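Here are my notes for your first look at this model. Please keep the sequence and the structure open as you read.

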Amino acid sequence: MDTPIIPVAGGMEAGLDRTPATAGRGTYLETLHSWVVTVDHKRLGMLYIGLALLFLLVGGFEVLLIRIQLFVPHNTFVSAGTFNRMFTMHGTTMVFLVGMPILFGFGNYLVPLMIGARDMAFPRLNAFSFWISAFGGLLLYYSFIGGVGLFGTGSAPDVAWFAYAPLTERAFSPGHSVDYWAVAIFASGIGSIGTSINIIATAFSMRCKGMTLMRMPLLPWLYVTTSFLVLLAVGPLTAAQAMLLIDRYLGGHFFDTQAGGSAILWAHFFWIFGHPEVYVLVLPPFGFANEIIPVFSRKAIFGYPAMMAASVGIGFVSLTVWAHHMFTIGMTSFGNLFFTLSTMVVSIPTGIKTFNWLATIWGGKVRFETPMLFSIAFLFQWVIAGLTGIMLSVSPWNWQLHNSYFVVAHFHYVLVGAILFMIFAAFYYWYPKMTGRMLNERLGKWHFWLMVIGFHMTFDVMHFPGLLGMPRQIFTYEPDRGWTTLNQIVSVGALFQAIATLVFVYNLIDSYFHGDTAGPDPWDAWTLEWSTPSPPPVYNFAVDPEVASRRPLWDLKHPEDPDGPYE
Amino acid sequence: MSTIPMQHVDNDAAWSLPSRGVVAMACLITGESAIFSIFVVAYLYYIGRDVTGPTPQQVLEVPIFGTVCLLSSSFFIWLAERAIEHSKMKAFTLWWSVTVLLGIIFLTDTGVEWHKLIFHDHLTISTNLFGTTFYSLVGLHATHVVVGLLMMLIVLAFSLTRRVHPEHAERVKVLAMYWHFVDGVWVVVFTVVYLVGR
Amino acid sequence: MHPSKFWDKDKKEGQVKSPFSVRQLVAAPGMWVSTCVGAAANPSTSTFSSLSTPAREVYGLSLFVLAITGMIFFSVSCLLVYALVHFRARPDDETEPPQVFGSVNIELAWTIIPILTLVVLFLGTARVLFSIQDARKPASALDVTVVGHQFWWEFRYPQYNVVTANELHLPLSSAEAQQPTFMKLTSADVMHSFWVPQLAGKTDLLPNRVNEMWIDPLKPGLYLGQCAQFCGIEHAKMLLRIYVDEPEQFKNWIAEQQQKQPEIKDQQAADEGQPNPKIDERQSPLPPNSPATRINTANESAVVPQGTNAHDGQLVFEHQACINCHTVAGTIADGRFGPDLTHLMSRSTLAAGVVSNTPDQLNAWISAPDKIKPGSLMPNMHLTDRQNAQITAYLLTLK
């Protein structure tokens, strides 16, 4: 798309970055130092994203080991102990060290720009939040070195990512694996709370003139909802981990069933965190979709008020569904019924969002560059993920499906098929803004198709071992169950996805040096971040913006048809 | 290109946004409430489920004095907020000191209570479910009191050296919000531990 | 509570259209006699092959849900594909399409229709939920208590004073003679989960808590399952075998399990590998699926050399730490930490389904459990080969 010429008040020079070209880029040490001490939301955003990409590769490596071990029954590629550490670390890494950081990274980068602010509300808190999250990640992985070292995989956590009690009590987990899990995640949780406070304060207190809350783009709205969820959800996890550490080290009895403690209490506390957590992971990608799909359909988002209300509604309802992870734990029939109902209810606002996206595309002029390709795959896959979620909400059926590979397939459909695909879309869409270069479109398409093929090969097929009785978190399985071929197809699909991810990483690195120059607005978009240079100067906007509608750049590009009168 | 002012916004009427400090403290309070709620739920769930050891009825005495001190400190900090809003810095220092003093009295009272429980009644965090949940919940609250007092002592030090001025009213308000929160939590903890649980 | 209707109506067998098991299980009884140990006619763990009322109810509900979700997927996908194809940007078209910001009517429609769909789904779910979870227990029901351990299953029949491990025998529940099994589940250590897909959904086993479930197996045969809640290092090796017997066979199995074992005083009798004299006194035949009907290979096993003395074996068993963990009813061994061994040889597998119960495997297991199931809580006692052979010889008498 051609970059339209945007008239600048005060002449073309008014907004240009005036750092002289001869200013010198500094030594490597100075550059490194500037990154370490930065409080600039854009740099912190990119640090979060970089951290997450690193852990994505590590978590991906862990799952390759899992899939090799499960390729044939009674395989001895890794021992039972190692396998248990692999799936625990894979899950923990992907949720806490990939999902949260990458989404907070994009949020950090985009929210101030989209609301016309110069930085987040609390830049130093921002930096602290990043570094404590990074520390948590480092501590978690340090666990591999303890105990019997690397190939015995040391003291790495091996109690599953949800670490059910009383397996995690000292009596049943005498080493330090549980401690690494609890303390590392505790630390990264503090970072999450810090960033959430920052995002909410920024969105409420730093909007540019004219940007009422109803004119704020949907992405910041989604991030505000996400942040509220984090505030309400991470606390319970922090509390539960504190209780676990009190049990393990101060002789407490929170989950000590010999003293009257309760295993079911841990499950409740964990899932009071765990369910909103997955909405924390999925709401920002919804935000990305709310920005990308309209731009590539060339139409405003359909039903902004409904979209905003639905997003906030999803946030609220997600706080009431947690025990659908516990249908088999022995709740009363009324308990099971309540959580069935609340889980079904959450599909209403979710469905509204999906239909609104459909209606945005409908009547538009759809362009199929890579961001849109990933968004389209997201739409299809999100519908399927939501429907298998409905299946799981039917509690009697859940009694068969719970803790089987059907559940694993469902949540990977959400985490990979919806969230990761939309994150990839966000990369292709905003990388030009962040670096000033376009990602290579041909490599993008290779990445996309390899990912689609691999994803469906793995996760479509994975539903079937679950339906055929295969539980999750087992290091091997019996040959007479009929699961072998299915597991092999699943494993091959994982390989495709690995290759796709490597293509993507190559694209990221190569395009930084050789990509086409991106102007300020390569996609002909409408929100404020596209009115800055690419990459934006450290102060974002030379002049504080003022807006009069939800799509300020549309108003500028189409002065004969501004949004103002309509919304 | 950098950005440009758009069509002139007709809402020249004050474009006012909430104070970021107040919003942030409200968020922190939300998050902390979630943490406290879980400890309260655990406390309530485990009432009466001890297998051994002293029960609340046997050993707990209602800390009336400490509670009165802590809750009244909310009133005095409110007086301090009003004082700084009206630029009465001496009054501010006075009410602020009273608040800090009351907070310290509360902590001392808690300390005396715990001393009795540990050394006379032999109730520790590892004794039984009551011990675990009691020390965790009351201890978590006491920790928040300590943090609040430390912040307030810093402000007190600034105030005594005349470095606090009326333009700091908003920052004082943010800290006062935290202190009100701590008092509010004590109402809940007090009710659950000393009224419901006994 | 919603009273169950299942115990009153006539049951029709073979109504479930399942591709997997009907044909195979009809042939099952004949197969029992010939194969006896372990793998009978292709038992399945498919959730679609439901042979008990709870599993059937769930299966029916699942088809209903699949139909609704399938319709939703189909219609949304069609619309999406159509939109992407029909509204694609034509090359060289730089104009913008008309900007449509919303429509209250359309948005109401796609809020209300999903709500109605969900109401239907919810009501269907509620019906099945109550009929399974709140079913009334009939007087003829069998009580079984299941206690989960790391990494094996303890089964108790309180009505009959029988305790066994890892392999559960249940009576058939037919339309003429309804005898469902009502189970109480708990755990001795961490969380486990009892899952036999053909019979019912899973129920978790928690320490310090008793959960309940029921099944009414509608066809005799072997049913497979395994622990479905991660419980530690050997979670994957905590397998389940459920043998559903005809009522007569079940009664005989119970009677056999109620027998106690003697302190072997007669060394002669033990040398000749005589079975327990109390068993000989019974007139009725043993259940055809009991491995005790197979040829006693004790004397022919290379592992247990000729002349190895079961009496000596019992002495070793009772003087090493074995009795601290294991019970052999009728003897001084009354440990409760490990599986009850009173009728060990009536089981077709060892170590919760990990290896089959042959003399070789039994000897290998007691010699070095950490090689077969590393992480199992049975320690390697580092006895000599001779001691292990003696213990094996003794255990082989526990029919």
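1. **Ground rules.** Residues are numbered from 1 along each chain as its sequence is written, while chains are lettered from A and ligands numbered from 1 in the order in which they are written. This is a predicted model, so local features need pLDDT of at least 70, side-chain atom pairs count only at pLDDT 80 or more, and totals for chains, interfaces and linings use all residues.

2. **The largest nonpolar core.** A nonpolar core is a set of buried Ala, Val, Leu, Ile, Met, Phe, Trp, Tyr and Cys residues joined through C-beta atoms within 7 Å. Buried means that 20 or more other C-beta atoms lie within 10 Å of the residue's own; exposed means 12 or fewer; partly exposed is in between; C-beta atoms are placed from the backbone. The largest core here has 333 residues. Ile200(A), Phe374(A), Phe378(A), Met422(A) and Ala425(A) touch the most other members. Helix α12 (residues 405–435) of chain A gives the most to this core, with 24 residues. Helices (H or I, at least four residues) and strands (E, at least two) are DSSP runs, numbered from the N terminus.

3. **One member up close.** Which residues does Ala425(A) touch, not counting residues up to four places away in sequence? They are Phe288(A), Ile292(A), Pro371(A), Phe374(A), Ser375(A) and Phe378(A). Two residues are in contact if their C-beta atoms, placed from the backbone, lie within 7 Å.

4. **Cis peptide bonds.** The bond from Ser534(A) to Pro535(A) is cis, with omega near -5°. Pro535(A) sits in the loop between α14 (484–514) and α15 (552–557) of chain A. The bond from Gln150(C) to Phe151(C) is also cis, with omega near 5°. Phe151(C) lies in the loop between β1 (142–149) and β2 (152–157) of chain C.

5. **Positive phi in chain A.** Ala160(A) is not a glycine, yet its phi is positive, about 75°. Find Ala160(A) in the loop between α4 (123–142) and α5 (177–205) of chain A. Is Ala160(A) buried or exposed? Ala160(A) counts as buried because it has 21 C-beta neighbours inside 10 Å.

6. **Positive phi in chain B.** His122(B), not a glycine either, has a positive phi of about 55°. Its loop runs between α4 (89–119) and α5 (129–160) of chain B. His122(B) has 12 C-beta neighbours inside 10 Å, so it counts as exposed.

7. **Chain C overall.** Chain C has twelve helices and twelve strands. Of its 399 residues, 47% are buried. Among contacts in chain C between residues at least 6 apart in sequence, 71% join residues at least 24 apart.
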